[in-house]
Structures are given as C-alpha cells and as structure tokens.
Amino acid sequence: MKLIKTKAELVDALADLRGHIALVPTMGALHDGHLSLVAAARADISSADDMVVASIFVNPLQFAQLGDCDDYRNYPRTLDADAQLLESAGVDIIFAPDVAEMYPQGTPEVWVRSGEMGSQLEGASRPGHFDGVATVVAKLFSLIRPNRAYFGQKDAQQLAVIKRMVHDLDLRVDIRAVPIIRGADGLAESSRNQHLGATDRQNALALSATLAALRDRRIDLEQARVELSNADAVDLDYLEVVSPETLQPITWPPTAPALALGAITVGGTRLIDNMDI
Ligand code: AMP
C-alpha cells in the first residue's frame, strides 16, 4: 500500500495503470461504515490490474465559513490509525493531501454548484455545504479518474447530489451506493459518534427508532416529528420524507419508494440518519 500526499506523486502512481480504478472518498476517522465501502470496492474488482484508492481529506470548503469553525477544527484526524485500517482492508493507494496541496491558491474561484438539491435539508442548516462537497469530489474524480466511486447511503443527500453532478456534467464515473452500517444498538456509524458520551448515545437512538417506526408505518410523519422533538435531550432539525432521486418532499403516506431522513443535535453533536420507506 502507498500513502501519497501530493498530486504529482498520485499522477505518477496511476500513470501506468492498465486496470480499473475504484475510489472511496472519506474524511478519515474511519469506522466500519467506511470499511464497508472499501469491501464493496474490493468485491467489484475483476482483474489483478484493478486498484482501490481511498482518499482522506477533511475538506474546509464543505464546513461553515470555509473551515473557519469549531466543527472543522475539532473534526477527528487520525491518519496513522486510518492508514493501518485501510491497508488491512486491502486498499492499494491512500491519497491524503493537506489543504495547501488541494487548494494552493486558497479558496477556489470556480466551484461546482449543487443548486436546489443542495440547498434543502442538510443544505438549509449548512449553507454551501454541498457546493463544497461537489467541488472536492469533482477535483478527486479529475485527479484520480476512477471508473467507479463508492458512497454511503448514510449521507443520502450527498449521494443524490453526486449522482446528479455525474449526470449533469457527463462525468464518466459509475457511482455505487453502499448500505448504512449501524452499531448493535441501531445508531448509524459516524465519525462524529466519538463526540457522544454514553447518555448522549442512548438519547441519539431516538432518531433511528423514529425512522424505523415510520418505515414500519407504526406512526405517521406528523407524529414522528412530535415524538422526536419531545425525545430526551434531542434538538430536532428536520424530519422529512422525500423522493430518493430528486429529494423533493412526498406527502404522507408515500405511494412510491421514498426516503425518510432526519437530523438532530444531541449533546452538541449533530447527527443524520435515513431509511428507505
Ligand atoms: P465521511 O468520512 O463522513 O465523509 O464519509 C465517507 C463516506 O463513508 C461517505 O460516502 C459516507 O456516506 C460513508 N459512510 C459514513 N458512515 C457510513 C455508515 N455508517 N454506513 C455506510 N457508509 C457510511
């Protein structure tokens, strides 16, 4: 396995490659959710010339004030442990550039705009977030030129925006979605879970429990919002039922495949989750 920090070394390492490239983009602080993306990428390998590349980059563009915020500064950074995990998971190349390598002239002038899809739900609470995501993913696609790229269903809105970017910009990458990995208690794995104490974690389960109740039609959307806002120590940001492709709201009860997604803050940590309905 090679750990590469510069674009020049990366281009060099990929220059003579004859096989396909599978890319797993991450921000590091890896957990079982990330490793399931790597496993999916490995499972799709069809020739000894194929390669799995994982990127680790905490992208300031997708945080508030372009990274001038505590969420960005406090984001867990655990490169050594991440590199070990990725090596045992069978990754061939890790691309872990620093910010100056990715943005040598500072904030880019030209961005990818995520439009209406990126301005609702997560985008309403985090303005500009998906423009930052789309811009860095476009840069990673351009540098690594993957044939396939793997994204978690955990970030359903991100997945929808990236699929739409690939479609709208005619990017030649096959986007593959990977199901959400959860802890035994049902909480979706997230790098941010390490900020949760035991009580916070227990309280955070209200989100997955409410989504499951909606999925099983034990409650309707309005009841679900009330229950979640009344849950112990939970601050509800949103709970919506939308079309998985367009992210447009669907009236309850849905008559076609839909996605229920929600965001809460528990003990100062913002958490998102979703389930197919
Ligand atoms: P992040 O490092 O948080 O940017 O996540 C990198 C990738 O891992 C994204 O495509 C996420 O959707 C995916 N991911 C994060 N958590 C999970 C999870 N619990 N299950 C599946 N995929 C996940």
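A polar contact is a pair of N or O atoms within 3.5 Å; within protein, one atom must be able to donate a hydrogen and the other to accept it, and residues adjacent in sequence count only if both atoms are side-chain atoms. The model is predicted, so local features need pLDDT of at least 70 and side-chain atom pairs count only at pLDDT 80 or more, while totals for chains, interfaces and linings use all residues. Residues are numbered from 1 along each chain as its sequence is written, and side-chain values use heavy atoms, with hydrogens and water left out.

**Exercise 1. The ligand and its shell**

Task: Identify which backbone and side-chain atoms lie beside oxygen or nitrogen atoms of the ligand, then describe the shell.

Solution. 

Step 1. Begin with the backbone of Ile 181, where an N or O atom lies 2.9 Å from a nitrogen atom of the ligand. A backbone N or O atom of Gly 152 is likewise placed, 2.9 Å from an oxygen atom of the ligand. The side chain of His 34 has an N or O atom 2.8 Å from a ligand oxygen atom.

Step 2. Consider the cover. On its own the ligand has 490 Å² of accessible area, of which the protein covers 93%; such areas come from the Shrake-Rupley method with a 1.4 Å probe, and for residues only the protein chains shown count as cover.

Step 3. Assign the shell to elements. Strand E2 (21–26), H2 and strand E5 (148–152) each give two or more residues to the shell around the ligand. H2 gives the most, with 3 residues. Helices (H or I, at least four residues) and strands (E, at least two) are DSSP runs, numbered from the N terminus.

Step 4. List the nearest residues. There are 17 residues around the ligand, and those that come nearest are His 34, Gly 152, Asp 155, Ile 181 and Glu 189. A residue is near a molecule or strand if one of its heavy atoms lies within 4 Å of it.

Step 5. Sort the shell by class. It has 8 nonpolar, 6 polar and 3 charged residues. Ala, Val, Leu, Ile, Met, Phe, Trp, Tyr, Cys and Pro count as nonpolar, Asp, Glu, Lys and Arg as charged, and the others, Gly among them, as polar.

**Exercise 2. The annotated active-site residue**

Task: Locate the residue that UniProt lists for "active site" and determine whether it is buried or exposed.

Solution. 

Step 1. The unreviewed UniProt entry lists His 34 for "active site". UniProt positions are given in the numbering used here, feature names are shortened, and annotations may be inferred rather than shown by experiment.

Step 2. His 34 belongs to helix H2 (residues 32–43).

Step 3. His 34 counts as buried because its relative accessibility is 13%. Buried means under 20% relative accessible area, exposed over 50%, and partly exposed in between (1.4 Å probe, protein chains only).

Step 4. With neighbours within four places in sequence left aside, the contacts of His 34 are Thr 26, Gly 28, Ala 29 and Ser 191. Contact means heavy atoms within 4.5 Å.

**Exercise 3. Backbone geometry**

Solution. 

Step 1. Pro 253 lies in the loop between strand E7 (234–242) and strand E8 (259–266).

Step 2. Although Leu 247 is not a glycine, its phi is positive, about 65°. Leu 247 is buried, with a relative accessible area of 0%.
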